[in-house]
Amino acid sequence: MRKKILAATGLAFLAAGSAAAQSSGDWTGFYGGLQVGYADIDTNISGIDGDGAIGGIILGYDYDLGDWVVGGGFDYDWTDVDLSGAATVEDVWRIKARAGYKVTSQGLLYGIGGFAEAGTDNLGSDDGWFIGAGYEQIVAPNVSIGGEILYHEFNDFNSSGVDVDATTFQARAAYRF
């Protein structure tokens, strides 16, 4: 699991950091876009786990404070991760808060956390929390790309006694208004 997280983080930095940008570096404003990636989901029940593709939409607002940027956002992901036949995770949505440091005028390294809710095909849905990190690079006027790695926890999923944790890595592209 740690190898997957390290590999995903390295890929995010390589993909986002290699892009060149012509921009003023002002991060203030609304954004919307798409994300796609990978989810690895585990439970406290031996042998009940799964992994697979995840992807969806992102919306948010950032405020540029000079060297620092703060913001909030919402994202919704569709997925079809089978948990060893016991259930299938169908979607997850998140309300996010993020704060980051501009490593260049166009490059933002940030921490992120917030509220998440995951839905399944037969166990209902439940809320939890997540924490993570990301990097975003402005690559053209009003366009940014980046990557995020998030760790999620859902304790006692829908009062079933099952604890669920998930790690997601996603590449993102956004149009900044």
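A residue is buried under 20% relative accessible area, exposed over 50%, and partly exposed in between (1.4 Å probe, protein chains only). By that rule, Y175 is partly exposed, with a relative accessible area of 40%.

The model is predicted: local features need pLDDT of at least 70, side-chain atom pairs count only at pLDDT 80 or more, and totals for chains, interfaces and linings use all residues. Residues are numbered from 1 along each chain as its sequence is written, and side-chain values use heavy atoms, with hydrogens and water left out.

Now the rings. A pair of aromatic rings is described by the distance of the centres and the angle of the planes. Rings of Phe, Tyr and Trp (its six-membered ring) pair if their centres lie within 6.5 Å; planes under 30 degrees apart count as stacked, over 60 as edge-to-face and the rest as tilted.

The structure holds eight aromatic pairs. One of them joins F74 and W93. This pair is tilted, at 6.1 Å centre to centre and 35 degrees between the planes. It links distant parts of the chain, with the partners 19 residues apart. F74 sits in strand β3 (residues 68-82) and W93 in strand β4 (residues 88-102). Strands are DSSP runs (E, at least two residues), numbered from the N terminus. F74 is partly exposed at 32%, and W93 is partly exposed at 23%.

Y175 pairs with F177. Their rings are edge-to-face, 5.1 Å centre to centre, with 75 degrees between the planes. F177 is exposed, at 64% relative accessible area.

Ring pairs also link F74, W93 and F115 into a cluster.

Key:
Helix = DSSP H or I, 4+ residues; strand = E, 2+ residues; numbered from the N terminus.
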